[in-house]
Structure formats: C-alpha cells, structure tokens
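Visitor: I'd like to learn how to read a strand in its sheet. Can you walk me through one?

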Amino acid sequence: MDNTEILRFEGVKKHFPITKGVIFSRQAGQVHAVDGIDLALAHGQTLALVGESGCGKTTTARLALRLETPTDGRVMVDGEDVHQLQGAALKRYRTRVQAVFQDPWSSLNPRMRVRDIVAETLRVNFSLSRSEIEQRVAKVLLDVGLKPEQALNYPHEFSGGQRQRVAIASALISNPKMLILDEPVSALDVSIRSQIMNLLQDLQQQYGMTYLLVAHDLGTTRYMADWLAVMYLGRIVEYATVDSLFKEPRNPYTKALFSAALPDHPDKRREEIILTGEVPSPIDPPSGCSFHPRCPLKAGSICEQVEPKLKLAPGTKNHLVACHLY
Amino acid sequence: MAKIIGETILQVENLQTELHTNIGVQRPVDGVSLSLRQGETLGIVGESGCGKSMTALSILGVVPKPAAQVVGGRVMFNGQDLRTFSEQQMRRIRGGSISMVLQDPQTSLNPVYTIGGQVTEAIALHRDVPRRSLMSHAIDALRQVRVAAPEQRVKDYPHQMSGGMKQRVSGAIAISCDPHVLIADEPTTALDVTIQSQYLRLLREIQEKTGLSIIFITHDFGIIANMCDTVAVMYAGRVVESGPVRAIFDEPRHPYTRALLNSVPTMDRHVKRLYSIPGQPPALWDRPAGCWYRNRCPFAEPRCETQYPPAIAAKNTAGSNHVANCWKLEDSTWITPKS
Amino acid sequence: MNNPPPEDTPAESLGVPAPPHLLRRIWLNLRSYPLLSVFVLLVLLVIPALTADWLAPHDPTQGVIMDRRLPPVFFGGTWEYPLGTDRLGRDILSRIMYGARVSLSISLVGIFVGGLLGVTLGLLAGYFRGWIDTIIMRLVEISLALPAILLALVLAAASGPSFQTIIIVVAFVLWALYARQVRGEVLSIRERDYVARARVAGASHFRIMVRHILPNVANTIIVLATLQVGSVIILEAALSFLGLGIPRPTPAWGMMVADGRQLIVSAWWISFFPGLAITLTVFSLNLLGDWLRDRLDPKLEIV
C-alpha cells in the first residue's frame with residue numbers, strides 16, 4: 001500500500017441558498033452546510049466523518065462524489081480537481097470513485113434487474129461485450145457473497161442485507177480506488193450490520209481500497225476507520241487517528257459527543273457532559289467558534305470572536321484540534 | 001442507583017397474537033411471557049420483525065384490527081387480567097395507568113393542534129381536572145420533561161419544534177396522567193446521540209421521582225445497558241432469554257444473545273473482528289421445525305431440529321430469574337463460548 | 001435464506017378485512033375482477049370499433065325514410081333494427097358501433113399526444129427544476145385555468161370542427177394533468193439514492209431520465225391514461241353535443257345523444273342507447289383504472 005494522497009479537501013465550502021417567493025424568488029439566506037473544510041486521506045486508509053445530523057458530513061461526502069458543487073474551495077482526487085474534470089479524465093474519476101448509500105431500499109432501482117444495476121458503471125463508461133459484462137457481474141456478485149444466478153432477480157426479491165450487498169457489488173464493478181460509504185449499515189438490522197461491516201473490511205483488504213465513511217455511530221467508526229474527523233456545524237473540530245481520538249478527545253464538543261454515546265455494559269454507564277440547548281441553525285451559525293454558546297469549557301471572549309483553526313494538539317504528532325484551549 | 005424496585009405490577013403470561021394474511025395465519029407474538037415490577041425498567045431487545053412492537057401493542061390491546069388479534073395468554077395488571085376488560089375499560093387504562101411513547105416524533109403529534117392543546121386533551125381524557133386548570137397542568141407536564149419556557153411553548157405547533165423537543169412533548173403527554181407503566185417503543189431511534197442521551201436521562205429522573213415502571217423496546221444493547229434493570233431478548237416472536245441486565249451482559253446463555261452482543265462494535269476498545277450471525281431471522285411463515293434459531297446456531301444438535309427448547313434456568317447468581325430457551329442449558333456447566 | 005413473500009402480498013396490506021357489507025362486497029368484487037370491465041370494454045368499444053365495417057347491420061349515415069323513429073325490439077320494434085332508428089331512419093346499433101370507432105380513436109390519439117407532451121414536460125420540470133420548472137408549471141396552471149369548451153369554440157370557429165380540432169382540444173386539456181402528476185413524482189424520485197448512484201456512475205441526464213426515472217413513473221402514467229379514456233369520451237361527447245365535434249354525418253356518441261334530446265319523450269331510445277354506451281364504457285374504464293392503480297401503485301408495492 002502506498003502512502004500517497006488520494007483525496008484532499010482545500011477550504012471547501014458549500015452554502016445552499018434559501019429562496020423565498022413564488023413567482024419572483026429572491027435569496028433569503030444561506031445554509032452553511034459545509035463551511036471551510038481541509039482534509040487529506042492517503043491510499044488504503046479509512047477516514048470516518050462523524051457528527052450529529054446537520055453537521056455537514058453527508059454534504060462533504062456528496063461533494064467528493066461530485067453530487068454537489070462547492071461554493072468555494074477545491075476537492076482533489078489523485079491531484080485533480082474533481083469539479084473541473086471533463087471527458088476522459090471525468091470517466092476515469094467515475095470509475096475510480098464509487099459510493100454505497102445508507103438505505104438499501106431506496107438505493108436500488110426497483111424496475112431494474114440486479115445485473116443491470118450492477119453493470120451500470122460499466123455500461124455508461126465503457127463499451128464492453130455482453131459476455132464480458134456478464135462475467136464481471138458474476139465475479140463481483142461472488143465477491144460480495146451473492147450467487148451469480150441472482151443477477152436476474154429484481155431488488156424486491158432480496159432482504160435488506162442482501163440489497164446492501166448488491167449496492168456494494170455495483171460500486172465494486174469498475175475496480176474503484178475509493179469508496180464513499182454514507183452510513184452503509186445504519187439502516188440494517190443488528191445481526192446484519194456486522195456481516196456488512198466485515199464484508200467491507202475484507203474487500204478493502206483484498207482490493208486495497210480507500211474508504212471515506214460517513215457514520216453517526218461511534219462504535220462503527222471505531223471498528224471501521226483509521227482516521228476520524230469530528231464535524232460540528234459544517235466544520236471539522238477534531239481530526240486524528242481513531243486510537244488517539246478515542247483515547248483522549250480534546251475538543252469540548254468531541255468530549256460531550258463521546259460522553260453521550262451509549263455504554264457497552266451496564267457497569268460502564270458514563271459520566272455525561274450535559275450540553276445546554278440544541279444545535280444552532282446552520283443558516284445563521286454563531287460567530288467565532290460555532291460551539292461557544294453550548295461549550296461547558298469556554299476559554300473566554302476569544303471563543304465568541306475568533307474562529308479556531310485546526311492545529312496540532314500539544315504533545316501529539318498528528319492529532320489536530322480546533323479549539324482555543326489548545 | 002437511587003431506585004426502589006417494588007412488587008410485580010405487570011405480568012404477561014404466554015401472550016399470543018395472530019395476524020391474518022393472504023398467505024395464511026401467522027403468529028408474530030407466539031407465547032411471550034414478561035414480568036415487570038414497580039419502579040423497574042424492562043428492556044425488550046430484538047431485531048426488526050421479532051415481534052417486540054407487536055408485543056407492546058398486544059399488551060395494550062391496540063393491535064391493528066381486524067388483521068391482527070390477540071388470541072391467547074393473560075396480561076395481569078394490578079391483579080386483573082386486561083384481556084377480560086371491555087373496550088371502554090381498556091380505553092381508561094390506555095394513556096391513563098399504562099401509556100405509550102412511539103418511535104417517530106414526527107407522526108405521533110398531530111400537526112394541526114398546538115402543543116398545549118394536545119397535552120390538555122390527554123389530561124382531560126384521563127384525569128378529573130377542572131377545565132380552567134387544564135392548561136396549568138399541561139404546563140407542569142411540559143416542565144417535567146424539561147421543555148424550556150413551557151408557558152410560551154404551549155402555543156406552538158409541532159412543526160415549530162425540533163425532533164428532540166417533539167419527543168419530549170410526546171413524553172409529556174404520556175406521563176401527564178401519572179401512569180404506572182410507560183411503554184416506550186424505540187423513542188430515541190430518530191434522535192441524535194446527544195439528544196438521545198438527554199432524553200434517556202430525563203426518563204430515568206422521572207422514574208426515580210415517581211416510581212414509574214418502564215418497558216423499553218429497542219434493538220440497541222447500548223440503551224439496554226444504559227437504562228434497564230431486566231432484559232428480555234426476543235427472536236422470531238418468542239422470548240429466548242430473559243434475566244437481570246448484568247447477568248445478560250456477563251453470562252448470556254442463549255447463543256443468539258451472545259452472538260448479538262458480539263456483533264455490535266463498541267467505541268470503548270478496538271475489536272479485531274466482529275462476530276457475524278450467518279443468514280437472517282426466519283420469516284413468520286417459514287419457521288423451521290424445532291428451535292427457530294438452529295439454522296444460524298453454531299451449537300445446534302440433533303434434538304434442536306425436532307423440539308423447541310423450554311425455558312431453562314441458568315445456574316448462576318441470578319438464580320431462577322435468568323432463563324434461556326436452549327437445550328444446552330440442561331448441561332449445568334454450559335457457558336456460551338465467546339465466538 | 002431468501003424467502004420474500006409472494007409478489008402479490010404487499011407487506012403493508014397483509015391481512016383480510018372483516019366480511020364487508022353486501023354492496024361493498026359487490027363493489028370490491030367488481031374492482032378485484034377486472035375481467036368484467038375488460039369484457040364490457042371489448043364488447044362496447046374495441047370490437048365494434050374494429051369490426052363495424054363488417055358487423056354493422058346497416059349503413060350508419062344513410063337512413064331509410066320509411067323506417068324513421070322505429071322503437072327497439074321488445075318495445076314494439078323488430079330484429080331488423082334491434083335498438084331502433086333515429087329520426088332520419090338510421091340504425092342506432094350501427095351508429096353506436098361506428099361511434100365506438102370515433103370515441104376510441106379520439107381517446108387513443110388524444111391521450112397519446114397529450115400524454116407525450118405532458119410526460120416530457122413534467123419529466124423536464126421535475127428533473128431540472130429551477131427556471132424550466134417555473135415556466136412549465138406556470139403553463140400548466142394557465143392551461144388548467146382555461147375552460148376546454150371555450151378553447152374548442154375558438155378553434156372550431158377558426159378552422160371548423162374536425163378530427164384534428166378535437167385532438168388538439170383533448171391534448172390541450174390533458175397534457176397539464178400529466179405534467180403536474182409526473183413532475184410531482186419525479187421530484188421525489190430524483191432524490192432517491194439510486195438516482196444519486198446513477199450520477200456517481202456517470203450516467204447522462206438523458207439516461208437518468210429515461211432509464212432510472214421514467215420506468216418508475218410508468219405505472220402512474222398508465223393508470224392516469226386509463227382513467228382518462230373515460231373523461232375523454234365524455235369530453236368528446238360534450239363537444240359533439242354542442243356541435244363542435246366530429247362533423248356530421250359521422251356518428252359520434254355525444255352527437256347521437258344531442259340529436260335525440262328533443263324526442264326524449266316520444267322516442268327515448270335515440271338518446272338512451274348512446275347514453276348507456278357512454279355510461280357503461282366510462283364506468284368500466286374507471287373500474288379498470290382503479291384496479292390498475294391498486295395493482296401498479298408503487299406505494300403499494302413490496303419495497
């Protein structure tokens with residue numbers, strides 16, 4: 001596995017306009033879904049984006065997939081700005097970066113056979129013969145633990161776990177270098193989740209893929225990821241290896257988030273850090289550090305005025321934190 | 001924990017619910033027995049389709065009729081069998097002595113009425129409160145679930161509130177009539193972690209203050225560990241293991257319980273490889289002969305194929321409170337191996 | 001391991017209802033057995049339309065002066081004219097058979113033209129949103145606000161009543177319904193993850209619309225079209241009744257009703273039988289449409 005970088009976000013922002021009026025619409029405000037993100041990910045690694053709903057983790061994933069265009073900044077894959085790609089370079093990107101979405105019930109077209117769902121990327125980007133396509137479909141179906149004969153079935157003939165396997169197969173067919181996994185197991189039943197997580201782990205080993213994982217469940221991220229980026233209101237507030245982050249979270253928000261996680265044993269009920277209020281609206285995020293109105297460890301008026309930048313936490317080699325305490 | 005657990009308040013015995021479908025009669029709840037003491041939290045845990053929600057609906061007699069029908073068993077509440085109650089008597093029980101919070105805060109509140117209107121309606125139905133003081137009771141109920149500035153919020157409509165806030169309002173409605181038993185059906189599934197933990201803490205506080213008994217239905221062992229005193233693990237319409245929460249976590253006896261516990265990743269330590277249960281739960285119309293878990297069980301023996309195992313006591317410190325439906329328990333040294 | 005329920009068992013509708021009331025049971029039976037509807041439609045509409053040239057006992061346009069206003073058989077008439085004759089001595093049965101052809105061709109062509117236009121515009125509006133959506137939806141609202149009869153009057157006045165005029169009127173009345181319905185569904189379908197997946201795969205807008213979205217609105221379109229055959233027949237009848245329909249002497253059901261209205265007391269059959277044909281046809285089409293909707297509605301599908 002090489003250590004070169006595959007994915008890089010440079011000052012990426014995504015603001016969604018809010019319009020008002022029926023006939024003559026005008027812009028009434030902006031949702032700051034992603035508000036200045038820098039990150040980098042090396043080949044073969046898994047980076048998990050965690051945070052509560054509305055923190056911008058899904059928008060970040062969609063930006064990397066070219067499903068959204070950034071308002072500002074650049075998203076680079078293999079050194080190329082993905083939103084500038086055209087022609088052959090765009091096709092190459094399409095086959096190198098694939099996705100698995102959360103809900104296996106809505107991610108498969110109910111009117112298409114599994115074969116056609118899985119082969120879509122090949123059909124769109126290459127002109128292969130029918131038998132070549134069938135061979136490759138059969139191979140990826142075996143890779144994800146399905147039978148090649150199931151290629152002729154329709155999605156409704158499968159259970160949730162099997163449908164997620166079909167979705168994974170369709171992402172794998174173009175031999176991608178990177179998979180964007182948007183909550184790949186959270187819609188599945190407990191006993192099916194570990195099947196899918198283990199499958200994703202095995203496939204990563206086998207094909208040396210890079211994963212960008214969006215998840216809200218901290219246990220899932222600990223199991224799947226090498227790196228963790230904690231997001232709050234469109235910004236990354238802490239970024240470190242999984243071991244370092246779970247051992248010693250630095251940012252007060254991360255601490256609160258971790259303390260709210262459910263225990264894995266009745267004797268380990270946590271001492272919870274109580275946050276006041278709810279997550280502020282991303283339409284009008286607070287000034288300075290966006291966590292300051294709820295922060296139990298506020299450093300002072302600097303928190304209200306200056307936006308903290310990600311910097312190395314003292315005494316660490318690669319644990320980045322955005323907080324005025326450090 | 002500062003919690004006093006009293007006498008048994010609700011005893012469910014061999015509850016059976018049938019579902020009439022166009023492919024035949026099925027039993028989503030097939031002989032469920034549960035026991036709940038005053039001030040206690042009982043967790044019913046299982047995967048989707050295991051019958052946990054249908055069990056709750058059957059206890060309250062609100063299964064979706066006419067397709068579904070409770071066909072057998074007893075629901076003893078304060079010494080009386082609720083199954084013998086008339087519809088009118090049951091209406092007084094529901095939302096009064098036994099109330100329920102549902103999973104989705106978006107749909108459990110009526111969008112066209114104010115918060116205050118919905119809470120006062122619940123109070124007016126079940127409590128003998130003069131009309132003039134209804135609103136102040138509603139404000140008290142909202143204050144109890146920590147809705148900030150309840151005097152103003154009673155005029156709000158559901159769409160003006162966040163998901164967590166709406167779920168608290170549902171909670172306020174559920175506890176507004178001082179119920180003895182609260183059935184909570186995955187009330188935090190739609191909520192974010194921090195909001196979920198606030199909500200769970202709130203329920204615990206109310207329980208400590210009022211001695212409320214709670215049945216918590218969930219698929220999440222984290223919630224069980226956080227909230228519950230006793231646990232019933234359900235699989236394919238039956239309870240397969242039940243006992244005190246620590247016994248279930250420390251010495252699970254049923255292979256399914258152990259497998260579930262081992263298949264959930266935790267943030268507290270790094271796990272190299274999660275256990276994964278092969279296959280999926282049997283469909284209602286396709287339960288195998290013998291033990292219903294045997295197809296997925298690594299310890300299945302020939303007798304598992306013919307006879308459904310009875311509830312056998314785990315011979316441990318929990319004594320007769322900890323039982324599991326597995327033939328392996330006949331061997332007194334049986335401990336489910338860590339897989 | 002893989003045991004999905006049989007295809008006709010939508011998970012939500014599991015369960016048999018309690019024995020319903022007799023009338024309700026008849027209604028449910030009518031709805032659950034489309035064969036009756038199909039039979040009525042075949043007998044009344046499709047077979048006569050296709051075979052009128054051979055099967056019709058008389059010329060629909062040439063009357064026999066001696067045989068004016070003859071009553072139907074069993075009401076004093078003879079088997080020569082089973083449903084009687086009109087005031088020009090034309091055989092009503094033959095005219096109904098030829099009229100079926102007019103009704104069927106106007107419905108099919110009109111719905112096809114209107115549907116094609118409406119589905120295309122609805123697809124574009126729902127998929128691209130933004131200003132395309134705004135323009136198309138304003139057109140839809142304008143179109144729905146204009147009375148069809150007024151438009152027909154203007155067109156007929158400008159170019160005279162003809163088959164083309166009726167098709168234009170029908171298409172004009174229908175397209176907006178398709179556009180609105182399809183747009184609504186596309187708005188929700190385009191947010192599904194399988195559309196996102198197709199975009200990740202690099203599929204073009206055209207491919208996404210045609211391969212991923214259109215098949216998922218097809219059911220709605222089919223149901224809507226079936227239900228609309230009935231309303232088109234009524235619209236055509238209304239236009240013919242007003243003299244804005246197919247030019248005489250070509251028989252059309254609506255015109256036949258109009259022709260008999262002054263004689264409704266003395267020769268009721270002249271209006272009655274074409275009226276009955278319209279009623280039965282539209283009723284059967286509505287039953288069939290409801291049945292199709294129950295069968296095809298994606299929301300009732302096992303997901």
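Visitor: Which strand does β3(A) join, and how many bridges link them?

Guide: Strands are DSSP runs of E, at least two residues long, while helices are H or I runs of at least four, numbered from the N terminus. Two strands pair if DSSP finds at least two bridges between them. Here β3 of chain A (residues 46-50) runs parallel to β8(A), with four bridges. Across that pairing, A:L49 sits opposite A:V214.

A word on the source: this is a predicted model, where local features need pLDDT of at least 70, side-chain atom pairs count only at pLDDT 80 or more, and totals for chains, interfaces and linings use all residues. Residues are numbered from 1 along each chain as its sequence is written, with chains lettered from A and ligands numbered from 1 in the order in which they are written.

Visitor: What else does β8(A) pair with?

Guide: β7 of chain A (residues 178-182), again parallel, through five bridges. In that pair A:I180 faces A:L212.

Visitor: Is β8(A) buried or exposed?

Guide: Buried means 20 or more other C-beta atoms (placed from the backbone) within 10 Å of a residue's own; exposed means 12 or fewer, partly exposed in between. Five of the five residues of β8(A), 210-214, are buried, so the strand is largely enclosed by the rest of the structure. A:T210, A:L212 and A:V214 cover one side, A:Y211 and A:L213 the other.
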